[in-house]
Amino acid sequence: MDFEFTEEQQRFRQEVRDFCLSTPRYRLVDPTEESFFSPQYYAEVAARGWLGLHWPTEYGGQGRTWVETVILNEEMGYRRAPLGDLYYQTFGLFGDFCCAHGTEQQKKQYLPRIASGKIRFARGFTEPEAGYDLTAIQTYARPDGGDYIINGPKRFITGANVAEFVLLMARTNRDTPRGKGLSFFIVDMRSPGISVTPVWSIALRTNDLFFDDVRVPADNMIGEKDRALEYLEDDPHLRYETSLGFMLGGARRTFERLVLFAREDNSRCCLGERPEVRQKLADLAIEIEALRLMTYRVAWMRSNGLTTRYEVYLEKLLEAEVDQRLTRAATDMLGLPAQLGLGAQYAPMRGMLSILASASLISFLPGSPEVLRNGIARTVLDLAT
Ligand SMILES: Cc1cc2nc3c(=O)[nH]c(=O)nc-3n(C[C@H](O)[C@H](O)[C@H](O)COP(=O)(O)OP(=O)(O)OC[C@H]3O[C@@H](n4cnc5c(N)ncnc54)[C@H](O)[C@@H]3O)c2cc1C
């Protein structure tokens, strides 16, 4: 096995690193609108052609591989690049789904505009009565001439207040078994009949949506009718939105800062000499390395056209667990001051930890540990659920 990056890939990593170090974050948008997003920064990333790196060139991508995408994300995550809440949904969900299952017309219509940073997509799956169990979705799309009329509620739709479009999952067939009869639609957020109400979580703003007789052209159905859940089951990358390296980069950075703190801090009986701290940090080093290898493996497999199923479950599980364990370990090590926010006088690690602690809550959102372990049991152990 050869785990080395090619020379070209190493040059690309350096190019991204240089960009991150030399590009100011500019102004972040009001956090009540979206967390950690800078429109100017996003535009500069787009101007370099880095949005949709592994998409074909005729659709605005660069025809590179998933490995380059992971390199980009890892470096961006390491530098905490302000790419906003919609980054994963736009690229890891809609963009990759459109590349794989969109019509020629849909690919031409949406992918170049995403790659140039002009439009972003929210994910419209969850409902008050349909959490992880998407088979319970009730929002209904009724055919009407050449259109569909959509009615029903959606819950926790992050970024719906700023996205230009939402990838909506709605029921198109009430006569099939629960796991079938769901379809995807591209819905313009400016369509008459959509209402958006803020829902505040500890980590970020999300939204309740209500669709009241929203008219959507039939051409906006993406993928085959009634097959939405099959697509997600076949490719868990779409279902669970792994960050493909972004969280890995962030975790590596936090971990390095923590180790430095343990080495240099003398105010707490030499943190780095305490056995429980050393054990915890060693455990984290192992877990981050496992995540790093798994992330590269998924990228390499996808670059080579191989199917990734259990690998994605594992990557997502590691990603989310590393994120949470890191935050927990840091909070234990730094004690109560870890809760102090950015800019507070006595905040350790410049107050970054309080932000990471709330952000780590979102790492499980598209799939909880139980749901991901169920996926592994089903795909690797062949245990029915
Ligand atoms: C801040 C935030 C932002 C979000 N953003 C979006 C978004 O942008 N778009 C979107 O569509 N959704 C979004 N969601 C929804 C999210 O993706 C989850 O689908 C949703 O939170 C899960 O629903 P629930 O919380 O009602 O949990 P439930 O589905 O009710 O699950 C409750 C508990 O039961 C467990 N459980 C569920 N099923 C099983 C099972 N089969 N086996 C074992 N245990 C199980 C779960 O692990 C969990 O602990 C967001 C949620 C939050 C909190």
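In this predicted model, helix α3 and helix α9 (residues 275-303) have axes that come within 7 Å and cross at roughly 150 degrees. On the α3 side, the contact is made by Trp-66, Val-67, Thr-69 and Val-70. The α9 side supplies Thr-295, Tyr-296, Ala-299, Trp-300, Arg-302 and Ser-303. By class, six residues of this contact are nonpolar, three are polar and one is charged.

Helix α3 (residues 66-78) also packs with helix α1 (residues 7-22), their axes coming within 9 Å and crossing at roughly 30 degrees. An angle under 35 degrees counts as roughly parallel, so α1 is roughly parallel to α3. The crossing of α1 past α3 is right-handed. From α1, the residues in contact are Gln-9, Phe-12, Arg-13, Val-16, Arg-17 and Cys-20. From α3 they are Val-67, Glu-68, Ile-71, Leu-72, Glu-75 and Met-76. Seven residues of the contact of α1 with α3 are nonpolar, one is polar and four are charged.

A further helix pair is formed by α8 (residues 246-264) and α10 (residues 310-334), which pack at an angle of about 20 degrees with their axes 10 Å apart. That angle makes α8 roughly parallel to α10, and the crossing of these two helices is left-handed. Helix α8 contributes Met-247, Leu-248, Ala-251, Thr-254, Phe-255, Leu-258 and Ala-262 to the contact. Helix α10 contributes Glu-319, Val-322, Asp-323, Leu-326, Ala-330 and Met-333. The residues of this contact divide into ten nonpolar, one polar and two charged.

| Helix pair | Axis distance | Axis angle |
|---|---|---|
| α3 and α9 | within 7 Å | roughly 150 degrees |
| α1 and α3 | within 9 Å | roughly 30 degrees |
| α8 and α10 | 10 Å | about 20 degrees |

The domain assignment of the protein chain gives domain 1 (7-119), domain 2 (123-227) and domain 3 (235-379). The C-alpha centres of domain 2 and domain 3 are 31 Å apart. Both of these domains give residues to the shell around the ligand, so the ligand lies between domain 2 and domain 3.

Of the 22 residues around the ligand, those that come nearest are Phe-125, Gly-131, Phe-156, Ser-368 and Glu-370. The elements giving two or more residues to the shell are β1 (121-124) and α12 (369-379). By class, the shell holds eleven nonpolar, eight polar and three charged residues.

Notes:
Residues numbered from 1 in each chain as written. Predicted model: local features only at pLDDT ≥ 70, side-chain atom pairs only at ≥ 80, totals over all residues. Near = placed C-beta within 6 Å. Helix = DSSP H or I, 4+ residues; strand = E, 2+ residues; numbered from the N terminus. Nonpolar A, V, L, I, M, F, W, Y, C, P; charged D, E, K, R; others polar. Domains from an automatic or database assignment. Axes fitted to C-alpha atoms, helices over the stretch in contact; angles between N-to-C directions. Parallel < 35°, antiparallel > 145°, perpendicular 65-115°, else oblique. Left-handed = near helix turned anticlockwise from the far one by under 90°. Contact = placed C-beta atoms within 7 Å.
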